[in-house]
Amino acid sequence: MTDHLKILLQYLLPKHLLSRLIGRLAAMEGGKLTQWLIRRFIRQYRVDMSEAQHENPAHYASFNDFFTRALKEDARPLVAGDEVLAMPVDGAISQLAPIEQGRIIQAKGHDYSARALLGGDKALAEPFMGGDFATIYLAPKDYHRIHMPVDGVLKTMIYVPGELFSVNPLTASRVPELFARNERVVCIFDTPAGPMALVLVGATIVASIETVWAGTVTPPAGKRIQRWDYDPATAPRLAKGDEMGRFKLGSTVVCLFAPGKVTLSEQLLPGTPTRMGTEFGTLNRG
């Protein structure tokens with residue numbers, strides 16, 4: 001199948017219907033059929049089960065249980081130091097750069113609005129103008145829990161309805177404003193690095209996006225933006241390395257930081273593999 005046809009099919013397919021149907025199937029406890037699917041997936045994508053808390057595929061009653069599997073406690077050592085940011089996910093760097101004129105690089109020849117990514121609220125987006133971003137793509141083989149790069153207090157969560165295009169590198173290079181048009185959950189934290197946004201972007205067959213404080217945010221999918229603001233006195237507080245959310249089937253995380261607050265690692269270039277807990281960057285004090 002040509003790349004052009006792959007993209008055309010994404011425009012034509014009923015992506016939400018397909019994704020929700022697959023989501024229901026992934027949640028089913030199908031016995032031998034579920035075990036066959038899990039083992040086939042492991043072989044197809046070369047999943048390293050030696051890192052999993054439960055290595056035997058037979059432990060998982062549903063495909064979702066397998067896909068959101070926990071890792072062994074020592075599988076992802078957390079980078080030390082209060083000044084050092086931790087990588088939030090396993091995956092690969094898609095893009096990493098400054099946010100210039102309110103735009104975020106998506107791929108060569110494509111960018112999109114940071115304000116649109118965050119749901120269209122100008123005041124919410126303003127602190128990130130001129131800051132830095134990193135987009136990290138999670139492949140099917142990857143560990144699919146998202147962790148905190150730095151200590152944070154949750155300020156705002158926003159559900160933004162949208163499309164469910166694939167977020168793989170081919171689609172990112174062909175579909176304009178991909179990450180600002182897909183369904184997503186935006187989480188804004190107050191941190192020692194200033195305001196930080198973690199945006200969990202949905203995709204084709206991503207059946208669910210969850211956070212540790214709210215549980216399943218989507219589905220059901222809505223048609224309107226929904227926003228939750230949290231009282232600082234009672235808001236969820238998460239430490240560096242704590243789990244903050246997860247995908248049921250793979251997707252992308254976009255991290256945004258305010259100007260001058262962090263220096264992201266020079267070793268992180270487009271295509272660089274990432275492992276949760278390794279060095280992501282450093283805080284800029286003063």
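## Salt bridges, an active-site residue and a pocket

Let's start with a pair of charged side chains: Arg145 forms a salt bridge with Glu243, and their closest N and O atoms are 3.3 Å apart. A salt bridge here is a side-chain nitrogen of Lys or Arg within 4 Å of a carboxyl oxygen of Asp or Glu. Arg145 lies in strand 6 and Glu243 in strand 14 (residues 243-248), so this pair ties together parts that are 98 residues apart in sequence. Strands (E, at least two residues) and helices (H or I, at least four) are DSSP runs, numbered from the N terminus.

Before going on, a word about what you're looking at: this is a predicted model, where local features need pLDDT of at least 70 and side-chain atom pairs count only at pLDDT 80 or more, while totals for chains, interfaces and linings use all residues. Residues are numbered from 1 along each chain as its sequence is written, and side-chain values use heavy atoms, with hydrogens and water left out.

Is Arg145 buried or exposed? With 14% relative accessibility, Arg145 counts as buried, because buried means under 20% relative accessible area, with exposed being over 50% and partly exposed in between (1.4 Å probe, protein chains only).

The structure holds twelve salt bridges. In another of them, the side chains of Lys248 and Glu210 meet at 2.9 Å, N to O. Lys248 sits in strand 14 and Glu210 in strand 10 (residues 208-211), so here the parts tied together are 38 residues apart in sequence. Glu210 is buried too, at a relative accessible area of 14%. Some salt bridges share partners, and in that way Glu51, Arg76, Asp90 and Arg275 are joined into one network.

Now zoom in on part of that network. The side chains of Arg76 and Asp90 meet in a salt bridge of 2.6 Å, N to O. Arg76 lies in the loop between helix 4 (63-67) and strand 1, and Asp90 in the loop between strand 1 and strand 2, so the pair links parts 14 residues apart in sequence. Arg76 is buried, at 10% relative accessible area, and Asp90 is buried at 5%.

UniProt, in an unreviewed entry, places the feature "active site" at Asp90, His147 and Ser251. UniProt positions are given in the numbering used here, feature names are shortened, and annotations may be inferred rather than shown by experiment. From this set, the lining of the second largest pocket takes in Asp90. A pocket is found on a 1 Å grid over the protein atoms alone, as an open set of points where a 1.4 Å probe fits, with protein on both sides within 12 Å along at least five of seven lines; lining residues have an atom within 4 Å of a point.

How much space lies in the second largest pocket? About 270 Å³, with grid points joined across faces, edges and corners and the volume being the space filled by probe spheres set on the points. Its lining has 19 residues, and Arg76, Asp90, Lys141, Asp142 and Tyr143 lie nearest the centre. Strand 2 and strand 17 (273-274) each supply at least two lining residues.

Finally, visit His147, which is in strand 6 (residues 145-147). His147 counts as buried at 8% relative accessibility. Not counting residues up to four places away in sequence, His147 is in contact (heavy atoms within 4.5 Å) with residues including Glu243, Met244 and Met276.
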